[in-house]
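I opened my notebook for another look at a two-chain model. Here is what I looked up, entry by entry.

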Amino acid sequence: MSLPADPTRFTLADARDAVKAKRISSTELTKTFIKAIADARPLNAFITETPEHALKMAEASDALIAKGDARPLEGLPLAIKDLFCTKGVRTTAGSRILSNFIPPYESTVTQNLWDAGAVMLGKVNMDEFAMGSSNETSYFKPVINPWRAKNSNQALVPGGSSGGSAAATSAFLCLGATATDTGGSIRQPAAVTGTVGIKPTYGRCSRWGTVAFASSLDQAGPITRTVRDAAIMLRHMASVDPKDSTSVDVPVPDYEATLEGGVKGMRIGIPKEYRIDGAPPEIEALWQKGAEWLKAAGAELVDISLPHTKYALPVYYIVAPAEASSNLARYDGVRYGHRAAGVKDIVDLYEKSRAEGFGAEVRRRILIGTYVLSAGYYDAFYARAQKLRTLILRDFTEAFKKCDAILTPATPCAAFAMGEKTADPVTMYLNDVFTVTANLAGLPGISVPAGLTADGLPLGLQVIGKAFDEATVLKVGRSMEQAANFTATPSTWWRV
Amino acid sequence: MNARSAKLIEGTTGPWEIVIGLEVHAQVLSQSKLFSGAATEFGAEPNTQVSFVDAAMPGMLPVINEYCVEQAVRTGLGLRAKINKVSVFDRKNYFYPDLPAGYQISQYKNPIVGEGEVLIDLQGGETVRVGIERLHLEQDAGKSLHDQHPDHSLVDLNRAGVALMEIVTRPDMRSSEEAAAFLRKLRAIVRYLGTCDGNMDEGSMRADVNVSVRKPGAGLGTRCEIKNVNSMRFIAQAVEYEARRQVDLLESGGTIRQETRLFDARAGETRSMRSKEEAHDYRYFPDPDLLPLELEQAFIDRIAASLPELPDDKKARFIKDYGIPVYDAGVLVAERELADYYEAMARGADAKLAVNWLNNEILGRLNRDGLSIVDCPVSADANNAILAMMADGTISGKIAKDVLDIVWSDGGDPREVVERRGLRQVTDTGAIEAAINAVIAANPQKVEEAMAKPKLIGWFVGQVMKETGGKANPQVVNDMLKTRLGIADGG
């Protein structure tokens with residue numbers, strides 16, 4: 001392996017090996033990223049940069065490496081989505097209401113990463129409370145996609161809600177980033193920034209210390225530049241956690257070890273319901289190409305049906321806001337976070353603090369969620385949505401009797417322009433059409449960069465697997481990555 | 001239920017029947033809270049027993065406390081209730097500063113305990129069955145303090161998240177006496193079980209009272225729920241006031257609105273708090289942070305096997321084994337500590353004598369000194385010794401009371417007290433003879449009178465007892481005097 005001239009271009013796996021072999025120190029590597037982050041401020045990927053913190057961690061890592069005590073992710077600089085509580089470091093969830101919140105505790109996922117030796121570069125931007133598909137709902141201003149269309153200077157969105165994680169990874173501002181996915185918030189931004197994003201099985205990563213959006217759907221996962229990097233990072237994020245009653249005690253395997261297993265003999269399901277009207281032909285064509293790659297690699301293609309797919313988005317937009325309306329009730333200005341000034345009584349305090357603290361999209365979802373749980377509407381909306389959710393899960397259970405993994409497009413379109421979809425929330429919600437089913441069924445899904453549009457913008461393909469079978473998902477993803485040979489990177493236009 | 005002599009209210013249109021159901025909140029006896037590791041001890045400095053979960057910090061998650069589940073199951077078994085092997089925790093959503101998360105975790109449609117029953121004994125000897133509809137687990141809220149600062153309200157979250165059992169009865173009670181008797185019995189049961197300390201002063205047991213009235217034999221009337229009734233006395237007052245209010249309203253042509261009313265202890269009346277229309281929409285839904293609670297039969301069996309003897313069983317045993325009167329047995333078993341005390345002191349003694357000793361001597365003195373049985377300065381074992389000395393004639397009944405007084409105030413072993421102070425009853429006929437001789441010699445006139453009027457022997461017995469410092473065996477004195485004075489038996 002040769003050292004790249006610019007160490008930010010390392011994959012996480014290569015950086016790991018280089019740091020361990022002392023070809024580069026963690027401090028050196030970390031400083032390069034700190035510089036890259038400072039140079040990339042026009043992207044607005046970070047809400048809080050933590051360079052001093054990063055260097056301290058890097059120094060500690062270098063000391064351990066010197067002693068020969070390196071841990072699996074020793075000295076590797078990562079970005080952390082600002083939804084993960086980090087002890088002593090401001091955690092905002094992209095919201096004004098938590099704009100002054102400094103947690104006195106560390107989330108389980110980030111603690112796992114620090115225990116494995118990783119270094120924190122800072123907290124990355126996101127849609128407010130992870131509600132959005134374009135990173136435009138952040139109180140801390142939108143993130144700009146490092147990618148631009150051919151011959152265009154128009155600012156594009158990086159997807160969402162993990163827009164900061166995707167942009168920072170895509171723009172080489174970190175080796176990888178933590179992210180979370182409630183309806184597609186890892187996979188969709190990964191797809192539109194040419195990065196890899198995996199949402200593991202619900203229960204695989206602890207939710208403890210991660211600001212909740214919709215508790216029955218939220219899952220943490222990594223965004224990285226390669227499938228191997230995703231395999232490495234996921235292993236050190238996942239754990240069973242006695243502090244999270246929904247985390248599941250299934251051993252976390254060494255995903256990297258089985259990564260190159262190939263797809264020979266595997267049955268790959270192609271669900272007919274994922275052909276949607278009005279989708280750009282490029283999406284359909286790429287999907288077909290992906291299927292051919294896997295077939296060429298020795299997989300068998302199987303036509304499958306997931307008949308309740310059409311209900312997934314409506315179900316999601318009932319269940320997620322319902323849970324969110326309750327989860328966000330704690331932000332009341334009483335104990336922490338933003339509190340409105342000059343209030344006359346407690347009701348006034350609640351109303352003003354929350355009206356000032358929450359942005360328009362969060363308010364909209366709180367209202368929807370409150371409505372669908374109200375007396376007289378519960379059965380018509382929430383109860384029915386839960387029944388349909390069961391049917392969606394059953395679709396997958398049936399399908400997986402015929403196949404080992406499912407291949408679908410990751411998104412219905414490439415990165416779009418800032419402001420293009422903000423006027424109509426339903427258009428925005430359609431971004432999640434291919435990803436939301438995996439959340440409702442609790443299944444693992446990965447988005448892998450597979451090609452470029454005619455305009456030169458990245459597109460991804462999604463692989464959905466059985467519960468707790470991330471290993472197969474990653475294996476199929478790796479096979480596709482090899483076939484796609486996706487080597488394009490965004491130009492570094494942001495460096496002035 | 002109607003067969004019993006229900007207490008009716010006399011109105012201008014005839015008699016009315018009161019129908020009462022209770023919702024009791026009983027704080028679970030546990031070291032830590034229902035979903036967090038914070039302590040539950042009463043009376044700590046404000047906000048010193050608050051975990052990140054209790055304060056609803058971002059990203060915090062509830063984890064069920066297994067011991068609280070065990071306590072709820074234990075209580076359910078004590079109420080002879082159905083234990084539901086699958087129950088669900090729901091969120092009850094509303095905004096209030098002492099509810100940090102903006103929702104209370106409770107059980108709505110699927111409680112951990114289903115139907116059960118409690119038997120209550122009424123004064124006339126009647127036993128009434130009160131149906132239990134359900135028991136569920138839920139979190140307590142914190143406490144808002146409005147009197148600590150001129151223009152701020154303060155919040156103490158120590159209580160936030162403490163486990164409560166909400167126990168809901170059927171509308172099976174027909175008078176304030178029955179409601180109070182139910183609460184006393186429920187309190188006894190949970191205290192026997194060790195699942196709640198039943199301390200109403202500290203708020204670890206509180207009741208909301210549902211009251212309606214109807215003409216005897218008619219269907220149920222519209223009920224009003226009275227909140228915040230936190231003593232036995234207040235329950236009686238609140239029921240009496242509310243029933244009378246409803247009767248007066250109905251008889252003057254009005255109708256009862258279903259509403260929540262607050263009991264004002266100072267004024268002794270209930271006041272409207274909010275109507276049904278103004279009731280909160282709590283938007284209950286299953287808490288996605290918690291999986292359904294599933295209990296294994298072995299878990300339930302293990303708890304069932306460890307249940308203590310409960311008041312009803314103990315009472316039956318006291319009546320059967322000791323021959324204690326029903327009423328006395330009821331009094332004894334009302335407090336587990338009292339029953340235990342009784343059993344310890346009555347070991348090997350005459351059961352009825354022991355009951356009388358407890359009722360007359362011990363409880364009387366405790367009452368005088370304002371103490372409860374657990375604070376009794378004389379142990380059950382010490383009383384057992386006193387009873388034994390009385391039984392074998394070592395001391396007389398009178399001396400026994402003196403010994404109790406001495407041990408009560410000064411402590412010590414009753415047997416030592418008797419020895420040291422020479423209180424042992426004198427049965428030595430020589431010593432008694434000497435005393436008799438002295439009394440006869442000093443009172444020749446009385447001797448003559450007594451021979452004519454045998455009843456006067458009582459005066460001689462008293463004099464001889466005085467002469468012996470009360471230590472002579474009165475029966476022996478009596479017998480010897482009769483012989484000396486030539487009085488026939490039965491005289």
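**Entry 1: the cores.** I started with the largest nonpolar core, which has 225 residues. A nonpolar core here is a set of buried Ala, Val, Leu, Ile, Met, Phe, Trp, Tyr and Cys residues joined through C-beta atoms within 7 Å. A residue is buried if 20 or more other C-beta atoms lie within 10 Å of its own, exposed if 12 or fewer, and partly exposed in between, with C-beta atoms placed from the backbone. The members that touch the most others are Ala45(A), Leu78(A), Leu121(A), Leu173(A), Ala72(B), Phe182(B) and Val209(B). Helix H2 of chain B, residues 176-193, gives the most to this core, with 10 residues. Helices (H or I, at least four residues) and strands (E, at least two) are DSSP runs, numbered from the N terminus.

I then asked which residues Val209(B) touches, leaving out those up to four places away in sequence. My list reads Ile20(B), Leu22(B), Ala179(B), Ile226(B), Val229(B), Ile235(B), Ala238(B) and Val239(B). Two residues are in contact if their C-beta atoms, placed from the backbone, lie within 7 Å. I also found a second, separate core of 33 residues, with Val333(B), Val403(B), Leu404(B) and Leu423(B) among them.

**Entry 2: ground rules.** I noted that this is a predicted model, in which local features need pLDDT of at least 70 and side-chain atom pairs count only at pLDDT 80 or more, while totals for chains, interfaces and linings use all residues. Residues are numbered from 1 along each chain as its sequence is written, and chains are lettered from A and ligands numbered from 1 in the order in which they are written.

**Entry 3: chain A overall.** I counted 15 helices and 11 strands in chain A. The C-alpha atoms fill a box of roughly 65 × 55 × 50 Å along the principal axes. Of the 496 residues, 59% count as buried. Of the contacts in chain A between residues at least 6 apart in sequence, 77% join residues at least 24 apart.

**Entry 4: helix H4 of chain A.** Is this helix, residues 108-115, mostly covered or mostly uncovered? I found it mostly covered, with 6 of its 8 residues buried. The buried ones are Thr108(A), Val109(A), Thr110(A), Gln111(A), Asn112(A) and Leu113(A). They pack against strands S2 (77-81), S4 (176-181) and S6 (219-224) and helix H7 (227-237) of chain A. After H4(A) comes Gly117(A), with a positive phi near 105°.

**Entry 5: chain B overall.** Chain B has 15 helices and 16 strands. Its radius of gyration is 30 Å, well over the 23 Å that the globule rule gives for 491 residues, so chain B is more spread out than a compact globule. The C-alpha trace spans about 95 × 55 × 55 Å along its principal axes. Buried residues make up 40% of the 491. I wrote down domain 1 (8-303), domain 2 (309-420) and domain 3 (429-485) of chain B; such bounds come from an automatic or database domain assignment. The C-alpha centres of domain 2 and domain 3 of chain B lie 33 Å apart.

Entry 6: I traced an open sheet of 3 strands in the order S5-S4-S15, with antiparallel pairing. S5(B) (103-106) and S15(B) (285-286) stand at the edges with a single partner strand each, so one side of each is left without a neighbour in the sheet. Two strands pair if DSSP finds at least two bridges between them. S4(B), residues 90-93, is joined to S5(B) by 4 bridges, and Asn93(B) has Tyr103(B) as its bridge partner in S5(B).

Lys276(B) sits in the loop between S14(B) (269-275) and S15(B). Lys276(B) is exposed, with 11 other C-beta atoms within 10 Å. It touches Gln258(B) and Glu259(B), not counting residues up to four places away in sequence. I also looked up Lys276(B) and Ile440(B), which are 88 Å apart, C-alpha to C-alpha, and 164 residues apart in sequence.

**Entry 7: where the chains meet.** The contact takes 33 residues from chain A and 23 residues from chain B. H9 (312-327), H10 (346-357) and H11 (360-373) of chain A each supply at least two residues of the side that touches chain B.

Key: The radius of gyration is taken over C-alpha atoms; the globule rule is 2.2 Å times the number of residues to the power 0.38.
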